[in-house]
Amino acid sequence: DDDDDDGDNDDREKVRNKTATSDEKKEKEEEEAKKSKGNNRVLVAQVPTTDEERAEMKERMDDAIDDLFFRAIVGVETLPLAASDFFSEHMLQRTARKGEKVDFKRSNYKKLANFMKAMEKDEVIALKQRKDGAVITGINRGHPVVQDYEQRAKHEKLKGGDKKKHKPKRRRRDPGRSLDVKLTYRPSQKMRQLILEPQGYEDKLINLTTARKFLWRYVKANELEMSGGKQVLVDPTLREAVFSKGDRWGSGECDKVSKKDLALSLTKSMKIYHCILFEDDREEELDESMYKPGSPPEILLCLGARQGNKVVTLVEGLEPWEIEAKELASMVRKKHACSTTTSTVSRSKQKKDIQMVQAQGNLLNEIKGYLSHEYGVPGQFINVSQKTTKAPKKTKSGGKRRGGAKVAAAMP
């Protein structure tokens, strides 16, 4: 009997504990309900019930909208701007920063269009109505309120946010290596004897601007200008110094020439020289011995066909620009996850063998971008050809490959 009484007591204690826990849960739920009711009461209390409270609420909302508008308008720099875009990209961004909530329906304006018309009436902005909505075409920076907010913007850093987040402007990346290409000319012997030396110029090389200056000095000194300075009379000196016997001025068929044709003939009569200056060479003074005859060599890019429909990109002409073929191949392989190889090919025009880079796929534009941005090669010296040639065959040895000369000769 005593054991039975102890078991009954244990059961009663368990029931009491359960009821106690349930009571605690109920109390917590009631407290949370009271808190939520209290919050709801606060929200309900914020809702105006009388006409005076409604008027005060509308005035507060009007002031908030006006303040938000002027803080946003001082940061606008690009016009014209649609009113809807101004509200979404400028005003709403600033509400998020300040934690404010703007509701035109709870103001006297009722909607954005009425507010914009009110600002136009106050001579703050200029609007232009279109089918898709109003557009802000001007901002009165001389308005006293705008000036006040601009002064505040200098201290509170309100300006900014005029750039769209979804369309950021791309910053142009500086090249990894910079270089300069200098061009100069070597005048003909007759040009030097008849025009340059009489005016005191004795150097072997001359840049194009200086050569034209000496030519115009000769024309003015001998009064050869005609038709108000648009044409030049061709005398025997100009005929021998500038023109060749094959054109109509050199043969004597025509005695008048325009200044444009005269300048072009001067350029054709001289031989071009070039000099590629790298970062280490800029500190040294330019010497005539540093210039090489001819135009700057071009880097050639073209497509090559291999094994049916597979396409590879071929690059050659890197040596004059001091670009390592293996380094370029490694860069392309890492950035595009493609196979790249380097090979040695021989060209009939050059005595030395040159390096060729092969990259899997059509990467003409990508490699041209690398050559310009990473190595500083000007775009006019990169020749891109869309023609497809036959790529040299792969060999296990690292020496010369069969068909390399044909591919090099077929490239532009």
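Analyst: Let's start with a pair of helices: H2 and H4 pack at an angle of about 70°, with their axes 12 Å apart. That makes H2 roughly perpendicular to H4, since angles of 65 to 115 degrees get that label, while under 35 is roughly parallel, over 145 roughly antiparallel, and the rest oblique. The axes here are lines fitted to C-alpha atoms over the stretch in contact, and the angles run from 0 to 180 degrees between N-to-C directions. As for what counts as a helix, it's a DSSP run (H or I) of at least four residues, a strand is a run (E) of at least two, and both are numbered from the N terminus.

Before going on, a word on the source: this is a predicted model, where local features need pLDDT of at least 70 and side-chain atom pairs count only at pLDDT 80 or more, while totals for chains, interfaces and linings use all residues. Residues are numbered from 1 along each chain as its sequence is written, and side-chain values use heavy atoms, with hydrogens and water left out.

Back to our pair. Who's touching whom? On the H2 side you'll find Ile 65, Asp 66, Phe 69 and Phe 70, and they meet Phe 115, Met 116 and Met 119 of H4. Contact means heavy atoms within 4.5 Å. Sorted by class, this meeting place has 6 nonpolar, no polar and 1 charged residues. For that sorting, Ala, Val, Leu, Ile, Met, Phe, Trp, Tyr, Cys and Pro are nonpolar, Asp, Glu, Lys and Arg are charged, and the others, Gly among them, are polar.

Buried means under 20% relative accessible area, exposed means over 50%, and partly exposed is in between (1.4 Å probe, protein chains only). In soluble globular proteins, nonpolar side chains tend to be buried together.

Leaving out residues up to four places away in sequence, Ile 125 touches Phe 69, Ile 73, Met 116, Met 119, Glu 120, Ile 136 and Gly 138.

Finally, have a look at the loops around here. Pro 80 is in the loop between H2 and strand E1 (81–82), and a cis peptide bond joins Leu 79 and Pro 80, with omega at about 0°. Lys 110 lies in the loop between H3 and H4. Its phi is near 70°, a positive value in a residue other than glycine. With a relative accessible area of 43%, Lys 110 is partly exposed.
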